[in-house]
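Subject: Handing over the structure, with notes

Hello,

Please read them with the model open beside you.

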Amino acid sequence: MILDGKVPSGPLESKWDRHKFTMKLVNPANRRKHTVIVVGTGLAGASAAASLGELGYNVLSFTILDSPRRSHSIAAQGGINAAKNYKNDGDSTFRLFYDTIKGGDFRSREGNVYRLAQVSVNIIDQCVAQGVPFAREYGGLLDNRSFGGAQVSRTFYARGQTGQQLLLGAYSALMRQVNGGQVKLFARREMLDVVVINGQARGIVTRNLVTGEIERYAADAVLLCTGGYGNVYFLSTNAGNCNVTAAWRCAKRGAFFGNPSYVQIHPTCIPVTGDYQAKLTLMSESLRNDGRVWVPKKAGDKRPPDQIPPDERDYFLERKYPSFGNLVPRDVASRNAKVVCDEGRGVGATGLAVYLDFAEAIERLGENVIRERYGNLFDMYDKITGENPYRQPMRIYPAVHYVMGGLWVDYNLMTNIPGLFALGEANFSDHGANRLGASALMQGLADGYFVIPYTLANYIASSKLESVTTDHDGFKEAASSVQERIDRLFAVNGSKPATVLHRRLGKVMWDKVGMARREAGLKEALQEVRTLREEFWADVKVPGEKNNLNKELELSLRIADYMEFAELLTLDALHRSESCGCHFREESQTEEGEAKRDDANFAYAAAWEFKGVGKEPELHKEPLKFENVELTQRSYK
Amino acid sequence: MEQMTLKLSVWRQPHRNAPGKMVDYTVKNVSPDMSFLEVLDILNEDLVRQGEDPIAFDYDCREGICGSCGVVVNGVAHGPQPATTACTLFMRHFKDGDALTVEPWRARAFPVIKDLVVDRSAFDRIVAAGGYISVNTGSAPEANEIPVPKDVADDAMDAATCIGCGACVAACKNASAMLFVGAKVAHLTLLPQGQVERERRVIAMVEQMEKEGFGACSNEGECQAVCPKEISVARISRLNWEYTRALLKRL
């Protein structure tokens with residue numbers, strides 16, 4: 001099937017404004033007659049639930065955590081982009097749009113990205129009004145810094161805790177609606193299925209994580225704001241509870257999955273130390289404003305960094321990319337770190353790390369300035385590694401961080417299932433094959449504050465929605481399939497904790513579907529994933545009770561879904577024989593070793609339709625049309 | 001690197017209304033680079049293998065920012081290291097053979113759900129009562145319209161870094177939530193945007209705090225000592241001042 005992204009026609013600059021005018025509205029008095037389910041309370045979910053509550057809809061808001069304030073958006077460090085041009089350095093809506101399209105290696109939709117750049121400025125206004133304490137200059141106005149893939153300063157920040165402050169802003173707006181009764185909050189609930197009736201999404205089935213009860217909730221629309229699936233790699237910078245389950249349940253009910261192989265591997269993370277490790281910790285990209293990345297010129301040079309003289313160091317990003325230097329996009333920085341480590345020039349005990357050095361910046365600006373800019377990040381590094389980055393360079397290595405892939409949505413953020421919307425990292429729409437730094441916060445809040453309030457109204461006003469209760473057969477069927485899956489897991493009663501199998505799955509994915517992919521490895525990975533899935537269902541051990549808080553059961557249910565989803569991710573990576581952005585196929589590279597696209601054959605978004613576990617999914621294509629930018633080989637030299 | 005063996009004594013409680021007790025475990029092969037929660041992870045993997053119910057504890061980001069985790073280690077909320085959450089408490093600060101007691105937050109307003117997991121929804125209800133600036137989406141003025149002096153913005157940011165973990169309550173002999181409430185009130189009151197609702201906010205939050213069963217402050221300062229974000233007890237003085245001021249203005 002050729003998919004239509006439903007991007008409005010007409011000039012790029014006026015698409016969204018005209019679309020807003022042509023979409024239908026729901027009269028304020030009628031909004032309270034409509035119930036909307038919002039799953040997830042990160043930036044996308046909290047901002048959507050709060051905004052829809054303010055408009056007068058009945059909102060049911062769900063989180064797997066004990067409080068919406070803990071959603072993983074909170075861990076975002078560096079900042080949020082907006083085309084304010086406060087720095088007078090040549091920024092504009094079109095430049096933010098262009099940088100994002102180019103950063104995504106020309107694999108995103110022009111219309112969506114332009115809209116994102118347009119509303120970026122409104123996000124900053126909204127957050128400041130909520131009391132987000134952004135960094136300021138002495139004159140009292142907002143400060144900015146630079147991020148990768150851009151030559152302007154357009155990143156707004158609150159120390160190294162921008163995600164925390166933006167989320168607390170959205171959370172406070174959400175709690176205000178909870179207080180007013182417009183939003184009902186359901187904490188410690190995990191969505192385990194979506195209910196589709198007459199082809200429309202009409203509700204969800206959740207597990208109450210405290211009592212174990214399987215619960216049903218009906219609505220006129222379901223918004224999935226459940227984040228990304230980076231934890232399919234076991235080790236990532238994602239929080240422990242981030243998972244693919246909600247999105248994968250939707251995929252199994254017919255929602256197409258877009259570009260699942262587009263996984264961002266972030267260049268600056270604290271390296272792995274041992275097998276016991278539960279997660280990896282990011283060191284913000286903002287550090288590359290002042291930190292210089294280097295390795296020794298000689299392979300196997302084991303001298304401590306302060307004993308390697310300057311002319312024996314290779315500042316490889318500055319050498320290869322003089323115009324962007326240390327601020328090249330993430331995919332480029334990650335791949336280059338891998339290359340120098342593969343050459344035997346990596347540092348630290350494992351040889352899987354490069355230096356991120358602040359010595360020069362500290363000398364130029366003084367330790368106090370560096371402490372003011374990055375103090376909490378330096379402290380975090382010190383705490384985790386026991387090393388003081390003011391005195392010796394940080395050691396960093398790439399790690400799985402963010403997924404550009406997600407549920408396929410049209411311009412209105414609606415999946416191919418009417419009434420099922422996906423926002424934020426859970427959708428696939430805006431970042432193409434590589435997301436630029438400080439753009440995830442922007443997209444989550446754009447979707448929730450400024451897009452969904454319009455497009456949801458249009459859906460409700462233009463759809464025939466029959467009255468549905470949770471006694472409907474669709475709910476009964478979904479609830480019993482959830483119950484059956486839980487019973488099946490307990491019944492295996494094997495010998496291995498699910499985490500042990502998850503760790504092995506992660507290793508397969510990292511080694512063969514990670515930073516560099518090739519056909520043979522991908523084919524091996526497919527086979528290994530299938531074998532692991534069989535082993536999982538034959539030998540997993542889930543202890544405890546089903547009618548009680550049972551974290552092992554929660555984990556096992558999610559890992560069971562990874563065992564299915566990993567196959568789709570790998571298949572997508574295998575089918576796309578070009579390289580683009582983060583998806584690097586070794587067979588397709590330029591002479592300089594950069595990702596080489598194949599626009600003639602792959603200028604489309606891949607949307608996969610689930611056909612059964614272990615069965616070949618069906619590929620649908622949405623052709624990507626570029627009317628306002630010229631497709632070029634990305635260059636950051 | 002040298003591996004350690006630790007003796008853990010952990011609070012086990014099957015559910016909210018069941019009695020609990022301390023149960024002893026020995027954990028071998030603890031690496032100094034492990035976090036405290038990773039020690040619980042490897043213990044749990046062993047328990048699962050033996051078919052026993054693993055120890056329930058809350059966690060999420062494991063980098064000290066989400067506020068999910070929180071256990072009392074050897075009588076101190078989040079353990080012995082200053083400015084640290086349980087997830088960023090590394091075992092290099094302990095030595096081979098150490099004995100550790102591990103308990104949940106204990107406070108009337110934070111009932112235990114299971115083992116080390118407690119119900120902190122009282123904090124959400126305090127924020128819902130007034131911990132916000134009422135501004136609907138779309139109605140905000142241009143961001144640079146109201147300048148905020150840098151030192152004021154920095155001070156507000158210091159207060160806003162609270163992660164809502166509840167250690168302040170757990171450390172306080174009165175189970176007072178005044179550091180948590182004081183931090184939020186300070187953050188929003190310092191900023192010009194927060195002035196309009198200044199009085200009603202502090203009154204609503206304090207009233208909800210009392211309704212939830214948190215105790216009063218008696219100036220012990222334990223809250224500041226355990227706060228992973230080093231929020232100052234001066235925020236409590238400010239809270240008292242703001243509350244009194246609001247009450248007087250209301251007269």
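I begin with one helix of chain B, where the cover over the buried residues of H2(B) includes H6 of chain A, together with helix H5 (178-190) and helix H6 (198-211) of chain B. Helices (H or I, at least four residues) and strands (E, at least two) are DSSP runs, numbered from the N terminus. A residue is called buried if 20 or more other C-beta atoms lie within 10 Å of its own, exposed if 12 or fewer, and partly exposed in between, with the C-beta atoms placed from the backbone.

Please keep in mind that this is a predicted model, in which local features need pLDDT of at least 70 and side-chain atom pairs count only at pLDDT 80 or more, while totals for chains, interfaces and linings use all residues. Residues are numbered from 1 along each chain as its sequence is written, and chains are lettered from A and ligands numbered from 1 in the order in which they are written.

To return to helix H2 (residues 121-130) of chain B, eight of its ten residues are buried, so the helix is largely enclosed by the rest of the structure. Among the buried residues of H2(B) are Phe123(B), Asp124(B), Ile126(B) and Gly130(B).

Chain B as a whole has eight helices and seven strands, and its C-alpha atoms fill a box of roughly 60 × 40 × 35 Å, taken along the principal axes. Of the 251 residues in chain B, 54% are buried. The domain assignment, which is automatic or taken from a database, gives domain 1 (4-103) and domain 2 (121-250) in chain B. The centres of these two domains of chain B, taken over C-alpha atoms, are separated by 30 Å, and the contact between them takes twelve residues from domain 1 and ten residues from domain 2. Here two residues are in contact if their C-beta atoms, placed from the backbone, lie within 7 Å.

In chain A, the domain assignment gives domain 1 (266-400) and domain 2 (482-603), whose C-alpha centres lie 29 Å apart. The contact between these domains of chain A takes five residues from each of the two. Helix H9 (residues 330-342) of chain A gives the most to the side of domain 1 that touches domain 2, with four residues.

Chain A also holds strand S12 (residues 292-296), which is largely enclosed by the rest of the structure because four of its five residues are buried. Strands are said to pair if DSSP finds at least two bridges between them. S12(A) runs antiparallel to strand S14 (residues 354-357) of chain A, to which three bridges join it, and Arg292(A) stands opposite Asp357(A) in S14(A). Two bridges join S12(A) to strand S13 (residues 313-314) of chain A, again in an antiparallel arrangement, with Pro296(A) opposite Arg313(A) in S13(A).

Lastly, how many residues does each chain give to the contact between chain A and chain B? Chain A gives 66 residues and chain B gives 67 residues. On the side of chain A that touches chain B, H6(A) gives the most, with nine residues. The residues on that side of chain A divide into 29 nonpolar, 23 polar and 14 charged, where Ala, Val, Leu, Ile, Met, Phe, Trp, Tyr, Cys and Pro count as nonpolar, Asp, Glu, Lys and Arg as charged, and the others, Gly among them, as polar.

With best wishes
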